[in-house]
Amino acid sequence: MKRRLVALPVLAIMLTACSIANPTSSEVSLQYGAGPFDSRKFVECETDRDVSDVNDDHYYYPKGQRDFTFGDGDGIDSAPLTSTTQDSQEIKVTGTVKFTLNTDCTEFTDPTGKLWPGGKIQMFHELIAYKYDAAPSDGGEQMQPGWNSLLRNYVGAALDRATDNEALKYPWQKLYTDAPSKAQWERDVLNQLPEVLKSLTQGVDLITINSVLLQKPGIQPGLVQGLTDKQAAELRSQAADVDKQAAANFPGGIPGYQAYQQQQAVNEAIKSGKVQVLPVPQGSPIMVSPNK
């Protein structure tokens with residue numbers, strides 16, 4: 001009995017002197033030694049429940065597709081971007097980028113010759129995310145506030161450059177009113193974005209871009225008014241052309257068409273009560289008096 005009383009406290013100490021990594025199915029965890037007798041270094045990449053030293057730290061990162069949204073309103077990751085078009089007009093760019101964090105734990109050597117035993121996710125953590133305090137220390141939690149800053153400074157910055165480069169190929173009206181041109185601009189940004197992003201991460205694809213959705217760009221109020229005026233002028237011109245064609249084909253030509261239009265105007269005025277018609281004997285002159 002005495003041996004059991006001694007063993008139980010020892011067992012309790014052994015059970016409490018550990019930390020548990022417990023990533024969900026949508027997470028990967030990085031373990032780092034942090035005890036008084038350990039050097040501060042990477043231990044392993046974990047995708048399943050794991051028991052480790054009580055002093056070790058764990059950092060959790062998401063697997064699967066995520067969104068980076070930019071525009072106006074609440075719950076947006078970034079403010080709208082701005083770009084300049086071929087004809088030197090500034091446009092407002094809003095939309096969504098869908099991306100996936102590269103959580104590959106396979107050991108690899110980066111372009112500088114450094115070996116990363118925990119793969120690209122370890123490189124992402126040490127090169128970028130750790131500086132932003134972006135990752136939670138427990139599984140199943142929301143990313144830290146620094147995660148949004150990280151996205152703005154990497155995905156947002158790369159997107160800003162890509163949209164700027166590609167917008168310069170189009171006049172503003174093409175992007176604003178021509179659906180095929182706007183769709184091509186969107187494809188061009190998608191094609192360029194991964195390489196721009198890799199230029200910010202030592203040439204390694206630490207973040208994979210899956211898709212880019214750009215909304216109709218916002219333009220200056222003066223351009224909107226100018227476009228409205230132009231469309232109105234085009235409609236007036238089209239109406240005038242219809243009138244000319246109708247007059248040319250009217251019995252009696254243009255004089256007959258003008259007389260018909262005048263009679264129609266009188267009829268409309270009578271119907272609306274704007275003029276008053278008085279009955280007169282046959283053969284007498286007709287007097288039409290406007291209502292006051």
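Of the contacts in the protein chain with a separation of 6 or more, 61% join residues 24 or more positions apart, contact meaning heavy atoms within 4.5 Å. This is a predicted model, in which local features need pLDDT of at least 70 and side-chain atom pairs count only at pLDDT 80 or more, while totals for chains, interfaces and linings use all residues. Residues are numbered from 1 along each chain as its sequence is written, and side-chain values use heavy atoms, with hydrogens and water left out.

The protein chain has 7 helices and 14 strands, taken as DSSP runs numbered from the N terminus (helices H or I, at least four residues; strands E, at least two).

Let me turn to helix packing. Helix H2, residues 119-132, packs against helix H3, residues 146-167, at an angle of about 120 degrees with the axes 8 Å apart, the axes being lines fitted to C-alpha atoms over the stretch in contact and the angles running from 0 to 180 degrees between N-to-C directions. That makes H2 oblique to H3, since angles under 35 degrees count as roughly parallel, over 145 as roughly antiparallel, 65 to 115 as roughly perpendicular and the rest as oblique. On the H2 side the contact is made by Phe124, Ile128, Ala129 and Tyr132, and on the H3 side by residues including Trp147, Leu150 and Tyr154.

H3 also meets helix H5, residues 179-198, where the axes come within 8 Å and cross at roughly 135 degrees, and H3 and H5 are therefore oblique to each other. Among the residues making this contact are Tyr154, Ala158 and Leu159 of H3 and Trp185, Val189 and Leu193 of H5.
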